[in-house]
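We will go from stop to stop, picking residues and looking at what sits around them.

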Amino acid sequence: MENQLLNNPYRQIKSTAAYRRLMMAYYFMVKHPAWFGKKVAWITSGGPVEPLYAMGVLPFYPENYGAMCGASRMSPSLCEAAEQKGYSHDLCSYALTDIGSSFTGKGPIGRLPRPDFLVCGNNICGTVIKWYEIQARAIRVPLFFLDTPFFHDELHQHNLRYVEKQMGEYIAFLEDQMKRSFPEKRFQKVVSRSFETISLWREILDLSRNHPAPFAAFDAFIHMAPIVTLRGTRWAVRYYKQLKRELEERVKKGVGAFGREEIRLIWDNIPIWYDIRNLSKLLSSNGAVLVADTYTSAWAMEEPDLTFSLDGLSRAYATIHLNRGLGYKTQKMAKLIEKFGAHGFLMHSNRSCKPYSLGQYDMRREVTRLTGKPGLIIEADHTDSRSYSPQQVEKQILMFLEIIRGKD
Amino acid sequence: MGNKPSLIREFERVASLEYKDIASQLPGDCIPIGFFCPYVPEEMLHAAGAFPLRLMGTPIRMSHVQAHLPPNCCHLVKSSFESLLRGELDFLKGIVFSHTCDTMQGLSDIWAFQKRLPFQFDFMTPSNLSSERSRPYLKAEIERFKAFLDANVREITPQDLKASIHLFNQIREKTQTLYRLRRKWPGWISGSDFAQIIRAGYLMDRSRYLNLLGQLLETIPEKSEDNGHPIPVFLAGNMTHSPSYFSMMEEAGASVVSDNLCSGARFLRLVTCEDIDPIDALTERYFSSFLCPAKHSGVQAHIETLIKEVEEAGARGVIFLFYKYCEPHYFDYPDLKKALEAKGIPSLLLEVDDPATSQGQLKIRIQAFVEMLNPI
């Protein structure tokens, strides 16, 4: 495989150095909030972060940290620590990793920063409700829960009103925690930056419509950290402008993420964090590139409400990818295939993420019917490698690539 | 008035009916509508002239479901979907899902994808029961459900809805009496018979069920029979009204004095106020005492509710009986266990996949637990 890789070299993104500095600075601040006179809130990945930044609160994302633990292969031992305390092996490994890290004080950055309060939004899953209840009890801090009802087909007005009203409660909660009133002007600025970041991220991902794609989905899995954690800050805007410039330069020169791009694929679901490098090598050594995915594009909102209001924010958070039904997800996948000129799609059946994984079998059949492109489902877990069989997955992918070559 | 053995036999007969038998026994003009969860207001289905049929999982060999669902779904979801794919539920005119856990949410989407039933409705209950904003939202959702039934089944008049609420309240009242009498006289109705009685209530015409319950309550003995003083235990978990579990507990020398199963005592908490507007009353009942682990009502709510109920029931131990892969229950479990231990109440966790299988090992564990509760 190494020889094949020499024939298909990965082109390192220069902005990665700036990305590392940025994330290091972020984690340094979150780890030592008192040095910066800040409070810390733990928040779910789909939670409204803009009001936190407006109030000067540092957000910490246990899911993002879970991904970091997965990528550094520390997740299994942290999950085991949680399991020893009575938590079932079958629960989400992000949650188990976080709970295990809280118990042991272990993880890539050591003991996690103690939150002053928690913010949980169930627009990504129901798991986070239980997970944040557990942490709120264990750490003895207040929890704010933003309930965003799932919509299977259409968004009803009373549904939206419910989220908008709760957004008001969220602001009141923050004012109570911070003992000061909500700064409306600053909030507008944060939301404006947030939407600018989202637009930049969408433009960056769209650049991979070009042939060859300048930015593989495996790159997006890494460079997505600021859109999740620093959305609404000046830092994120600056960083994504830099990354976009670099990738536009690649497009101008006709340079792809890899030297050779014969098969273009779309990825569905959260990455297999501990095996990103191997999967990337496996695909690239066979001339295949993941050019887009449903996961990182979830942060690339199509039509942000540019009034920068709380109501606009409510709609944005109520309508994210994971809070929508199978019909929407199927159409989205079919559109990605068409938009990015893909030859097929890979679906990660993720035992830790039911909202993403339930329905994938039907979705695969339907997307193939709509687009004529084949799909492959591989079984894994996003951070816990204990139930992953890399040899089997490798065989499946190689056979799948052969099928695609045979079709074209 | 029927005698006790014949009444019990009738409950058993209904509880053991397969879907095809239920379908064949329904009157021609009946509109059977399936549902899974007590968050679906059965009263509204009933008031619309439909027959609410609760899908409670069946012992079934899985042969179709693997092509649609990953393995880590609970037995209720897998077996119900297997029944749908086999065509056993084709007699249903519709299905109503309510928003609870991620697996049910996913099942609803996949179910709709198959397009096997004439209609499907997703009743989106709020997950947050501690926000004041949840009440108007739920009320609007109930009104949306009513409009759907008006358009697709039959218009629900206020009189019909009030009558249905009254009927279901009576059923809850009689079932509550049954629970109380079993606690007083554990030998009067065996655990397995009791499980069948409860199960039958979701599968038969509700007026007839109420009538049978009434007849059964008239067979109460005048004085207590000597029953060997079984150890009182509390059963916590989801929808596992399989008679064999209750038998195993009784054979081990225990008696289930109360439970919080969503097909059991939790259902009894849905008594609906009859003095106010029926839609308001249906809304309000979900905020008073009914609490499923998939819902949030403050971070201590599940712990406090369980402790209170166990103490009120006078149980000496708690048996957690969970479907494998039931995430909301498994997330709560470690803290519930710890809270019970702090009160000196031991507990036992039993994980079941298909309730019809792997009972041998469970039996041994239940025996050991009950012996531990009653040292010589």
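A surface patch here is made of residues with over 30% relative accessible area and no salt bridge, where like charges are joined within 9 Å and nonpolar side chains (Val, Leu, Ile, Met, Phe, Trp, Tyr) within 5 Å. Accessible areas come from the Shrake-Rupley method with a 1.4 Å probe, and for residues only the protein chains shown count as cover.

Before you click, note that this is a predicted model: local features need pLDDT of at least 70 and side-chain atom pairs count only at pLDDT 80 or more, while totals for chains, interfaces and linings use all residues. Residues are numbered from 1 along each chain as its sequence is written, chains are lettered from A and ligands numbered from 1 in the order in which they are written, and side-chain values use heavy atoms, with hydrogens and water left out.

**Stop 1: a nonpolar patch**

Select A:F28, A:W35 and A:F36, which make a nonpolar surface patch of about 360 Å². A:F36 is in the loop between α2 (16–31) and β1 (39–43) of chain A; helices (H or I, at least four residues) and strands (E, at least two) are DSSP runs numbered from the N terminus. With 38% relative accessibility, A:F36 counts as partly exposed, a class that lies between buried (under 20%) and exposed (over 50%), using a 1.4 Å probe and protein chains only.

**Stop 2: the core**

Now go inside. A nonpolar core is a set of buried Ala, Val, Leu, Ile, Met, Phe, Trp, Tyr and Cys residues joined through side-chain atoms within 4.5 Å. The largest one has 279 residues, and A:L52, A:W201 and B:F36 are among those that touch the most other members. Helix α9 (residues 184–206) of chain A gives the largest share of this core, 9 residues.

Centre on A:L52. Neighbours within four places in sequence aside, its contacts (heavy atoms within 4.5 Å) include A:I43, A:F117 and A:Y170.

**Stop 3: where the chains meet**

Colour by chain. Here 44 residues of chain A are in contact with 51 residues of chain B. Together the two chains bury about 4,200 Å², 58% of it on carbon and sulfur atoms; buried area is the accessible area (1.4 Å probe) that two parts lose on being put together, summed over both. On the chain A side, A:K130, A:R137 and A:K354 lose the most area to chain B.

Zoom in on A:R137 and B:D335: they form a salt bridge, with the closest N and O atoms 2.9 Å apart. The term means a side-chain nitrogen of Lys or Arg within 4 Å of a carboxyl oxygen of Asp or Glu. The rule finds 5 salt bridges across this interface.

**Stop 4**

Select A:R351 and A:D381, whose side chains meet in a salt bridge (3.6 Å, N to O). A:R351 lies in the loop between β7 (344–350) and α16 (354–357) and A:D381 in the loop between β8 (375–380) and α18 (390–407), so the pair ties together parts of chain A that are 30 residues apart in sequence. Both A:R351 and A:D381 are buried.

**Stop 5: a leucine in chain B**

Finish at B:L362, in helix α15 (residues 359–373) of chain B. Is B:L362 buried or exposed? B:L362 is buried, at 6% relative accessible area. Leaving aside neighbours within four places in sequence, B:L362 is in contact with residues including B:Y245, B:M248 and B:L350.
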